[in-house]
Amino acid sequence: MGIDTEHQLFYRGQNDTSFGLAPSIFRDGRLDYEIKIFSEILVNCPEEFISHKTPFEKLTKMQHYELPTRLLDITSNPLVALYFVCQPRSIQVKLKDIIEQDEEWYRENTDLEELKNRLEECSKLEDADGEVFVWIDTPLSPDDPKVNVLSELARSCKKGSQLDSFTNEINRFTIENLTEEEVKSILQDFSYVTVVASLDNNRIKRQSGAFILFGMVYNNFESDLYSNKNVPFHIKKKNIELTINARNALLEKLQFQIAEENDEDIDEGIY
């Protein structure tokens, strides 16, 4: 049997089995504000994005800042996925609950910073069964035309967007000069793609990271591309559940093994 040099195994660890496999922009109605989020961060922090030329590069930077994007962090290192499964989940207490608990304190402390500090004090860690998602895919490079097309959805796919204008926007950032039919074919055939991360991203490098870039479910009968953005779709995967007891037993060993592999501590930021 020959060795498959193209397909790779990828993993994603989540510390709660109730979480779905959906990027943050697809949760809680955020998708309606995707273009606004994308454009405002570029206006407010232009110096942070000056070296990031393509929409995909900008999305990876936004992901680093924990902004909602259509990217999902994954890893080729199963130890890293297990590590994130083993993390306790932080439960943020709602402001109204704090008010109900201590109305007198709230009346005397209306300063924003004071409220934020109180929210942090009242947040708690909670254990839940976690799981590791596992799948095999052929990762694409960040400059692949498919990556350019799906990334552009975050920047310019607004209400009323037509295939011709969307194609023109894509060709501003690529040398391929894609045709409308080529763009249409990509949107139809790839509702998501796996993309290798740039090695100049230290967090991703430490975590053997990559991304799943989500697109849309293309509908031939809809001329407005934006109408396809809200169509739900499911990623093909297998999952391995990990109970609370197993997680707690693994955590200390994983911290040691990952640190030994990378010669430094793992970044507990967004994943």
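Author: Contact here means heavy atoms within 4.5 Å. The model is a predicted one.

Reader: OK. Leaving aside neighbours within four places in sequence, what is F190 in contact with?

Author: With K146 and L150, once those sequence neighbours are left aside.

Reader: Where is F190 found?

Author: In the loop that runs between helix 9 (180-189) and strand 6 (192-196).

Reader: Buried, exposed or partly exposed?

Author: F190 has a relative accessible area of 28%. Buried means under 20% and exposed means over 50%, so F190 counts as partly exposed.

Reader: And how far apart are F190 and V147?

Author: In sequence, 43 residues; in space, 9.8 Å from C-alpha to C-alpha.

Reader: New topic. How do the axes of helix 1 and helix 7 cross?

Author: Helix 1 (residues 34-44) and helix 7 (residues 145-156) have axes that come within 6 Å and cross at roughly 85 degrees. The two helices are therefore roughly perpendicular to each other.

Reader: Which residues make the contact?

Author: Helix 1 contributes E34, I35 and F38, and helix 7 contributes L153, A154, R155 and S156. By class, that is four nonpolar residues, one polar and two charged.

Reader: Back to E34. What does the side chain of E34 make a polar contact with?

Author: The side chain of R70, at 2.7 Å. R70 has its place in the loop between helix 2 (55-64) and strand 2 (71-75).

Reader: Is R70 buried or exposed?

Author: Buried, because its relative accessibility is 0%.

Reader: Which backbone oxygen lies 3.0 Å from a polar atom of the R70 side chain?

Author: That of G215.

Methods
Residues are numbered from 1 along each chain as its sequence is written. This is a predicted model: local features need pLDDT of at least 70, side-chain atom pairs count only at pLDDT 80 or more; totals for chains, interfaces and linings use all residues. Side-chain values use heavy atoms; hydrogens and water are left out. Axes are lines fitted to C-alpha atoms, for helices over the stretch in contact, and angles run from 0 to 180 degrees between N-to-C directions. Helices (H or I, at least four residues) and strands (E, at least two) are DSSP runs, numbered from the N terminus. Angles under 35 degrees count as roughly parallel, over 145 as roughly antiparallel, 65 to 115 as roughly perpendicular and the rest as oblique. Ala, Val, Leu, Ile, Met, Phe, Trp, Tyr, Cys and Pro count as nonpolar, Asp, Glu, Lys and Arg as charged, and the others, Gly among them, as polar. Buried means under 20% relative accessible area, exposed over 50%, partly exposed in between (1.4 Å probe, protein chains only). A polar contact is a pair of N or O atoms within 3.5 Å; within protein, one must be able to donate a hydrogen and the other to accept it, and residues adjacent in sequence count only if both atoms are side-chain atoms.
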